[in-house]
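Me: I'd like a close look at one part of this protein, please. Take your time and walk me through it.
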Amino acid sequence: MDGEALSLKIQEEIKQKLKNCMIRPSVAVIQVGSDPASDSYIKRKEKACSAVGVYFRHFKFEDDTPELTIINKIKELNNDEYVNGILVQLPIPERYNEKRILNSISNSKDVDGLTDINTGRMINGRKTLVPCTPLGVMRILKEYEIPLEGKRVVIVGRSKLVGKPLFQLMLAADATVTVCHSHTVDLPSITKEADILICAAGVPKMITEDMVKKDAVVIDVGINRVDGKLCGDVDFDKVSKKASYITPVPKGVGPMTVAMLLENIVTCYENKPVTK
Ligand code: NAD
C-alpha cells in the first residue's frame, strides 16, 4: 500500500483548495528541548505545509523554559485569529506536565487531536479533531477498499498517539478489536487471528512471518532506525509474501500522518470542528 502516493494526492487536493484563499491557513508548532528526531519531523511538516500553502510558525523553547512560559505562548496563539492550528511536538522532556500543556491548546485548534475534550468526543462518537496517525491508517485502508465491518483487527501498542485512538476508530467502524501491549501474554497467538494487523510498538521487525495469518492486511506504523536505515515493526521482506496488503516503511503510514495533519489544519481553518 503506497502511503506516499496517497499522501501526495491528498496534498495536491489541499493545494488546489487553498489556491484562491485570500488569507492562508496557519499552524503553530511548539517544540520544547532539542531532539534530533523531532527536528526532522518538524522539518517534514514544514515542507508539506509550505508545499500546499499553509503558513508554518515554529516556536522553539530551550528545555529549561518554565512550563508557564510555554502555556502562556499557547494561550497567546489560542487568541490569535490568524493561527488556525496549534500542535506540541512530542515527546517533550519528562519533567513537564505534558497533559497540562496539551490541554492548554484550544480544542478548536488542536490539530493533533490530543486534548482531553477532543479525546472524549472521539470516544463518544462525536465529530472532532482526531490524531493524525490513526486517521492516516483509516484513510489508507479506505483508499484500498479494505472492509472493516465484522473484521478481526489486532492492534499492537496502546499509546495515546496511536493504539488507543485507533481502537476507538476501529470500533466505530464495526470491527472486532483487540489491543495488545508489552504485558500481553503469547502475542503470536493473538496476531495470528488478525484479518487486519496494525503494529505500533516501536520494536524493529518484531512481527515475523509466523505471527501473521495468510492474506492478512498488515499496517506497519513503527519507525525505527537500525544501522542508519529506517525500518518498521514488521519484517517486511518475509511478511509481504504472506500478506494480501502491507504498508512499507518508509513511504507507508509516515506520509499519511503528514497528509492528515494538513487535513486537520484545513478543517480548523474552515472552522469545521464543533468543539469550542
Ligand atoms: P509508545 O512507546 O508510546 O508506545 C508503544 C506501545 O507498544 C506501548 O503501548 C507498548 O506497551 C507497546 N509495546 C512495546 N513493545 C512491545 C512488545 N514487545 N510487544 C507488544 N507491545 C509492545 O510509542 P508510539 O508513540 O505509539 O509509537 C510507536 C511506534 O510508531 C514508534 O516506532 C514510533 O516511531 C512510530 N510512530 C510512527 C508514526 C508515523 O507517522 N508512522 C507516528 C507516531 C509513531
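Is aspartate 116 buried, partly exposed or exposed?

Reply: Happy to take a look with you; please keep in mind that this is a predicted model. Aspartate 116 is partly exposed, because its relative accessibility is 41%. Its side chain meets that of lysine 99 in a salt bridge, with 2.8 Å from N to O. Aspartate 116 belongs to helix α5 (residues 116-123) and lysine 99 to helix α4 (residues 98-103), so the pair ties together parts that are 17 residues apart in sequence.

Another of them joins the side chains of arginine 152 and glutamate 193, at 2.3 Å from N to O. That pair links distant parts of the chain, 41 residues apart: arginine 152 sits in strand β4 (residues 152-156), and glutamate 193 in the loop between α8 (187-191) and β6 (196-199). Arginine 152 is partly exposed at 23% relative accessible area, and glutamate 193 is partly exposed at 41%.

The loop between α8 and β6 also holds aspartate 195, while lysine 213 lies in the loop between β6 and β7 (217-220). These two form a salt bridge whose closest N and O atoms are 2.7 Å apart, and so the pair ties together parts 18 residues apart in sequence. Aspartate 195 is partly exposed, with 23% relative accessibility, and lysine 213 is partly exposed, with a relative accessible area of 32%.

Notes: Residues numbered from 1 in each chain as written. Predicted model: local features only at pLDDT ≥ 70, side-chain atom pairs only at ≥ 80, totals over all residues. Heavy atoms only, no water. Salt bridge = Lys/Arg side-chain N within 4 Å of Asp/Glu carboxyl O. Helix = DSSP H or I, 4+ residues; strand = E, 2+ residues; numbered from the N terminus. Buried < 20%, exposed > 50% of the residue type's maximum accessible area, 1.4 Å probe, protein only.
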